[in-house]
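Work through the exercises below with the sequence and the model side by side. Try each task before reading its solution.

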Amino acid sequence: PGERLFIREGAVLEAKTSKQRTIFLFNDMLIVTQAMKPNRRHSAQVLLSPRGSPISPRGNQSKYKFKTKYYIEEIVVEEEKDEDVIKNIFSITVKSTLKKLHLAVIS
């Protein structure tokens, strides 16, 4: 294994629930997060910078609540057919469990 490299950050919607998520793509993993509201505190939250490193809960930095992570070698990403209302849909399938998450890119 080598050094973890940040590739891209982006806003997506969970296709089933229409909940907005922020995803962080690294060379070896994809992290799914939820934006935290200002002044909201959770004892179990994990805060990440846009580069994926932990940040201090103090200050006015953007804060994200960790939802899940996927290691790149354990998933398959596929483009899905657009729906009437939702466009740019893709799915993430975990190879070992066949669990599938449908996401839509927010333009």
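**Exercise 1. The pocket**

How many residues line the largest pocket, and which lie nearest its centre?

*Solution.* Start with the ground rules. This is a predicted model, in which local features need pLDDT of at least 70 and side-chain atom pairs count only at pLDDT 80 or more, while totals for chains, interfaces and linings use all residues. Residues are numbered from 1 along each chain as its sequence is written, and side-chain values use heavy atoms, with hydrogens and water left out.

Step 1. Count the lining: 14 residues. R8, I23, L25, L30 and F90 lie nearest the centre. (On a 1 Å grid over the protein atoms alone, a pocket is an open set of points where a 1.4 Å probe fits, with protein on both sides within 12 Å along at least five of seven lines; lining residues have an atom within 4 Å of a point.)

Step 2. Sort the lining by type. It holds 11 nonpolar, 1 polar and 2 charged residues. (Ala, Val, Leu, Ile, Met, Phe, Trp, Tyr, Cys and Pro count as nonpolar; Asp, Glu, Lys and Arg as charged; the others, Gly among them, as polar.)

Step 3. Find the sources. Strand 1, strand 2 and strand 5 (75-79) each supply at least two lining residues. Strand 1 gives the largest share, 5 residues. (Strands are DSSP runs of E, at least two residues, numbered from the N terminus.)

**Exercise 2. The salt bridges**

Find the salt bridges and state how far each partner is buried or exposed.

*Solution.* Step 1. The whole structure has 2 salt bridges. (Each is a side-chain nitrogen of Lys or Arg within 4 Å of a carboxyl oxygen of Asp or Glu.)

Step 1. D28 pairs with R4, with the closest N and O atoms 2.9 Å apart. This pair links distant parts of the chain, 24 residues apart: D28 is in the loop between strand 2 (20-26) and strand 3 (29-35), and R4 is in the segment before strand 1 (6-14). D28 is partly exposed at 23% relative accessible area. R4 is partly exposed too, at 43%. (Buried means under 20%, exposed over 50%, partly exposed in between, with a 1.4 Å probe and protein chains only.)

Step 2. E14 pairs with R21, again with closest N and O atoms 2.9 Å apart. E14 is buried at 19%. R21 is buried at 6%.

Definitions and conventions. Helices (H or I, at least four residues) and strands (E, at least two) are DSSP runs, numbered from the N terminus.
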